[in-house]
Amino acid sequence: MKLSALTGTDNYFEDFAVGQVMRHARGKTVGEIDNVLITNLVMNTAQGHFNEHAMRSSAFGQRITFGGVTASLIIGLASQDTSENALAELGLDKIRFKVPVFHGDTLYAFTEVLAVADAERADAGVVHFRHWGINQDDKVVFEGERRVLVKRRSHWANR
């Protein structure tokens with residue numbers, strides 16, 4: 001697997017090729033505010049995210065981070081390379097949470113280009129990404145596929 005990195009100027013539709021794999025530059029350590037604040041805002045009151053006392057006696061031994069937070073962080077870490085020239089998010093599916101994420105874990109993101117296709121409009125194309133995230137122990141914590149409408153350089157770069 002050949003890893004590549006993009007920059008803000010190399011992420012138009014034409015820059016993505018099927019089979020391309022990117023390791024994104026940034027990582028993020030998950031803090032209590034990442035889990036608790038966002039989980040409260042979406043009104044997810046599962047004990048696994050909030051009740052430290054109850055979770056001490058669980059198989060995990062501590063609270064776990066809400067999966068929506070994990071997915072958002074991984075896609076956010078990938079967005080510098082995959083979203084800078086996005087016009088629209090078209091789909092997010094095949095989401096899998098492989099191992100739990102805990103407060104204090106540090107996450108990193110990777111992306112593979114699964115497909116590129118013409119769109120119904122001339123100024124953009126559709127890129128189908130597979131995103132995955134790992135923790136500081138190189139364990140995969142998240143996988144998901146995302147389709148994005150991305151600007152074509154040939155139309156937008158010289159504006």
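Which residue forms a salt bridge with D15, and how far apart are the closest N and O atoms? The partner is R153, and the closest N and O atoms are 2.7 Å apart. This pair links distant parts of the chain, with R153 in helix 5 (residues 153–156) and D15 in the loop between strand 1 (3–4) and strand 2, 138 residues apart. Please keep in mind that this is a predicted model. Here is a short tour, starting with the salt bridges and moving on to the helices and loops.

**Salt bridges**

- A search of the whole structure finds 11 salt bridges.
- Both partners of the pair above are partly exposed: R153 has a relative accessibility of 27%, and D15 has a relative accessible area of 23%.
- R121 and D123 form another salt bridge, with their closest N and O atoms 2.6 Å apart. Here R121 is partly exposed, with a relative accessible area of 38%, whereas D123 counts as buried at 11% relative accessibility.
- R130 and E143 also meet through their side chains, at 3.5 Å from N to O. Because R130 lies in strand 5 and E143 in strand 6, the pair ties together parts that are 13 residues apart in sequence.

**Helix 4 and what covers it**

- Helix 4 covers residues 67–82, which makes 16 residues. At 1.5 Å a residue it should span 22 Å, and its end C-alpha atoms are 21 Å apart, so the two values agree.
- There is a bend of about 25° in helix 4 at G76.
- The buried residues of helix 4 include V69, L73, I74, I75 and L77, and also D81 and T82.
- Their cover includes helix 1 (32–41) along with strand 2 (21–29), strand 3 (86–97), strand 4 (106–118), strand 5 (124–134) and strand 6 (140–151).
- T65 is buried, with a relative accessible area of 6%. Leaving aside neighbours within four places in sequence, T65 is in contact with V30, N35, H49, T70, V101, F102 and H103.

- D34, N35, V36 and T39 are the buried residues of helix 1. They pack against strand 2, helix 2 (47–50) and helix 4.
- I33, L37, I38, L41 and V42 make a nonpolar surface patch of about 500 Å².
- One of these, I33, is in helix 1 and counts as exposed because its relative accessibility is 60%, over the 50% cut-off.
- V42, by contrast, is in the loop between helix 1 and helix 2 and counts as partly exposed at 49% relative accessibility.
- V42 and H131 are 89 residues apart in sequence, and their C-alpha atoms are 23 Å apart in space.

- M43 follows helix 1 and has a positive phi of about 60° although it is not a glycine. M43 lies in the loop between helix 1 and helix 2 and counts as exposed at 71% relative accessibility.
- D138 also has a positive phi, near 65°, and is a residue other than glycine. D138 is found in the loop between strand 5 and strand 6, where it counts as exposed at 59% relative accessibility.

Technical notes. Residues numbered from 1 in each chain as written. Predicted model: local features only at pLDDT ≥ 70, side-chain atom pairs only at ≥ 80, totals over all residues. Heavy atoms only, no water. Helix = DSSP H or I, 4+ residues; strand = E, 2+ residues; numbered from the N terminus. Expected span 1.5 Å × (residues − 1). Bend = angle between axes of the 7 residues up to and from the residue. Buried < 20%, exposed > 50% of the residue type's maximum accessible area, 1.4 Å probe, protein only. Contact = heavy atoms within 4.5 Å. Patch = residues over 30% accessible without salt bridge, like charges linked within 9 Å, V, L, I, M, F, W, Y side chains within 5 Å. Areas by Shrake-Rupley, 256 points an atom, 1.4 Å probe, with all protein chains shown as cover. Salt bridge = Lys/Arg side-chain N within 4 Å of Asp/Glu carboxyl O.
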